[in-house]
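Here are my notes for your review. Please read them with the structure open.

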Amino acid sequence: MARQRRSTPQRRLPWGSIAKHGILISTCGVILFPLAWVLLLSVKSLPDAYTNRIWPHHFDFGSYHRALTAIDTLPQNFENSIVVTVATMVITTTIAVLAGYALVHLPTPGKRLILGIFVASLFVPSRVTGLISIWEIQDRLGLINNTWGLILPYQTLALAVSVFIMRGVFETIPKELPESARVDGASSFMILLVRNGVIVVVITNFIAAWGEWLLANTLTNDQEKRTLTVVLASANAGFGQWLWPTMAAMYVIAILPGLLAFAFAQRWYLRGLQEGALKG
Amino acid sequence: MWRTTTRAARTWPYLLPALFFFVGWQLWPIVRALWISFTSFSFLLDDSPESAKFIWFQNYVDAVKDPLVRSGLWHAAVFTAIFLPGMIFLPMVMAVLVDRVHNKKAAGVYRLILLIPAMMPGPLGIGPINYMLVNVFHLYDVTNQPTWLGATNLTFLSLALMEWWWGLGFHTMFYLAGLSTIPKELYESARVDGASEWRIFWNITFARLRPILLVLVVLRFGTAFALIDEYILTGGFDRSRPTYTWTVYMWDTAFQLGDQNRGYAATIGWIGTIGMLGVVLWLFYVFRNKD
């Protein structure tokens, strides 16, 4: 009798659960489908690319070679992107960690005002409206058409968000901890505690700098000075002369660094997001 | 006095680097643009904004009468209206579902997959979405592919689809962070009281997510209304296309058209900014805590 009563609810099909996982799995499918399609397209031979077969008849990796040789500045553009992105990641993350620490654990005058201005700046399209003056500043500094010069305006791409995130992360650390850490000289211990938050900031800045188009397109003119995103996006948008597989190969080349970084850091990234990066 | 000075001396080295870049390349440029908008500064005619004539509100008077400014603002608003609901509510649905997955491993995998698009450079998505719509779904044929995305009314929907795909996972994470703060006992006691699932969602989940909803609405409204990269890349500077919004018009005026009238361009930028700030304040008013 007792056993029967327990088994009754189990025998009913868990429709709610099936629907839940069904929706989630199909959404994941929608997310992954374009990526898989582009990836497969990049290794298709030309006849395969223009038929509707998903799986290629035979694999042809020649598109990657064509993509890299079709635009002769591409290796230089790739290097430019790496230089600018790495510099942005390192500098912005460092200053955001310092500022976040000061805003929580140091007696900063005007704490609320500073934080308020940072947050308010998120609601203003400063990158667009300030573009004319950013151009003027860069011009005065002699940095128009200079790849390294991009690093300066790039600091602000995700600076406000980064400071906000780091502040949220430092808030989760008890106030007494920095005091005792200072006594012991164990500042590296602090970094360990905020590690996941730092990963979130690093990735946020990576995405912002690697995919930035407007500033790079406005502040540089020569193709060999430009970043990968600018050159590829222009090629992508006016791609009349491009063959589909070549275009797909270029796209894979451009997104690969991001995916690799994410695959490498995803565990800390997810933890960082949950830990308070998003709660602030 | 001495104490506060030493304290400040200890603090400022931490804050100054952030403030230096923030003020130098974010705050100062928009203030400077406001000043330029009151001048007749044309890049090819004047050496600097200082040597140009200060004309008070003349640019603003001209801009309000300019049909391109009006249509530019209107088109940006249309795109925002198409884009915003999907970008706010799809992730909310996803977050509520992921939050109810009890298997930790499965929930982690869902999060990861949803987040993958966020790791990619946004402007590069145009190529693949072009490809999908032309070759996979056959909405357009090969002969008109380079221009179709900028030229038709479906442009905005295509761009919105791309942005939804891109932002779904990231925004889901925001909601999940909010959901994790809701104590599970609230749901249980509501169920014991015999509340329907819909009422539970509306009165507990949705009510608790409201602050996050507000932040996301405001932030995404900002990105959508001030979008420029994707418009230039898809529509170029073709005035007959819906992608010629106020942001594109501003860029065109400042860096390409005629004498590069940057005073007028700054005015267009500031009119868009003022419009946005107005809507943001209105949103804060609508979402204000009514309790």
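1. Helix pair in chain B. Helix α11 (residues 246–255) of chain B packs against helix α12 (residues 262–286) of chain B at an angle of about 160°. Their axes are 7 Å apart. The model is predicted, so please read these values as computed from it.

2. Orientation. Angles over 145 degrees count as roughly antiparallel, and α11(B) and α12(B) are therefore roughly antiparallel to each other. The crossing of α11(B) past α12(B) is left-handed.

3. Residues at the helix contact. From α11(B) come W246(B), Y249(B), M250(B), T253(B), A254(B) and F255(B). They meet R262(B), Y264(B), A265(B), I268(B), G269(B), G272(B), T273(B) and M276(B) in α12(B). By class, the residues of this contact are nine nonpolar, four polar and one charged.

4. Chain interface. Chain B puts 87 residues into the contact and chain A puts in 90 residues. The area buried between the two chains is about 8200 Å². Carbon and sulfur atoms give 79% of that area.

5. Salt bridges. Side chains of opposite charge can pair when their charged atoms come close. How many salt bridges does the rule find across the interface of chain B and chain A? There are two. D229(B) forms a salt bridge with R127(A), with the closest N and O atoms 3.3 Å apart. Over all chains, the count comes to ten salt bridges. D229(B) lies in helix α10 (residues 229–235) of chain B and R127(A) in helix α7 (residues 126–129) of chain A, so this pair joins two chains.

Notes:
Residues numbered from 1 in each chain as written. Chains lettered and ligands numbered in written order. Predicted model: local features only at pLDDT ≥ 70, side-chain atom pairs only at ≥ 80, totals over all residues. Heavy atoms only, no water. Axes fitted to C-alpha atoms, helices over the stretch in contact; angles between N-to-C directions. Helix = DSSP H or I, 4+ residues; strand = E, 2+ residues; numbered from the N terminus. Parallel < 35°, antiparallel > 145°, perpendicular 65-115°, else oblique. Left-handed = near helix turned anticlockwise from the far one by under 90°. Contact = heavy atoms within 4.5 Å. Nonpolar A, V, L, I, M, F, W, Y, C, P; charged D, E, K, R; others polar. Buried area = accessible area lost by both parts, 1.4 Å probe. Salt bridge = Lys/Arg side-chain N within 4 Å of Asp/Glu carboxyl O.
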